[in-house]
Amino acid sequence: MRPILFEVFGLSVPAYSFFVMLGLAVGGFIFFIEARRKKMLNENFFFLFLAGLFGGILGAKLPIWIYHYKEIIAGFSNINLILSGRTVVGGIIGGWVAVEIVKRKLGIKYRTGDLFAPALALGEAIGRIGCFLRGCCYGIATSLPWGVNFGDGILRHPTQIYSAIFNLGLFFYLWLVRKKVKNEGDLFQRYLIIYFTFRFFIEFIRVSPKVIFGLTGFQLAAIGIIVYTLIRGSRTKQTINNY
């Protein structure tokens, strides 16, 4: 682990914050490239980008604030309690909801999720490196030779690295097929189904509190999103076939 990545003029740069910001920057660049390719660089594009960004940030923080509300209220003067911690699942949902709200306000009828899909995958792949160096989001104990001691003397699954590798592969897959999808929104649908299926299964080896039926809150959210995506995709295909 390396929680402090480097120092600049005496200021420590946390590895977690550095890679999260780098992931946001790279993801934003990929989003820009796709928008330019699809000739969607207009005023609405920037509103959608901002909605995805700030909705994602709020969505990533909100579950943490709710879960740790007692500690935050008790130590409200400590800004670190408010700023620390975030969840990728909440970020994806928050950004998704925010974009849909802005689209309705702007009267945008076409689907825009395909712009976000590769960017989200690559952004998380980079951000998870920060999780690994910080020593958070780790897995359960393992006897595998690549188990990592995150400070408690126990060799654990480096689930951050698993996630980084998976998301990097997902990015390359989405990037290669993005020009071959037949209908707008299909790429984003593939991203959601593939990513949340992975997230459901990796939760079994992550250290996360169980909520019900031995499943974590992230697994329940993953099931809900997969089911919703499949139903929505089926309805969209029926609408297209009716034309």
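Trainee: What makes the set of 43 residues a nonpolar core?

Mentor: The largest nonpolar core has 43 residues, and Leu174, Tyr191, Leu192 and Phe196 have the most contacts inside it. The term covers buried Ala, Val, Leu, Ile, Met, Phe, Trp, Tyr and Cys residues joined through side-chain atoms within 4.5 Å. Buried means under 20% relative accessible area, exposed over 50%, partly exposed in between (1.4 Å probe, protein chains only). This is a predicted model: local features need pLDDT of at least 70, side-chain atom pairs pLDDT 80 or more, while totals for chains, interfaces and linings use all residues. Residues are numbered from 1 along each chain as its sequence is written, and side-chain values use heavy atoms, without hydrogens and water.

Trainee: Which residues does Tyr191 touch?

Mentor: Leaving out residues up to four places away in sequence, Tyr191 touches Ile92, Ala117, Leu120, Ala121, Leu170, Leu174 and Phe196. Contact means heavy atoms within 4.5 Å.

Trainee: Why is α7 called roughly antiparallel to α8?

Mentor: The two helices (DSSP runs of H or I, at least four residues, numbered from the N terminus) pack at an angle of about 160°, with axes 11 Å apart. Axes are lines fitted to C-alpha atoms over the stretch in contact, and angles run from 0 to 180 degrees between N-to-C directions. Angles over 145 degrees count as roughly antiparallel, under 35 as roughly parallel, 65 to 115 as roughly perpendicular and the rest as oblique. Therefore α7 is roughly antiparallel to α8.

Trainee: Which residues of α7 and α8 meet?

Mentor: Among them are Leu170 and Leu174 in α7, and Tyr191 and Ile194 in α8.
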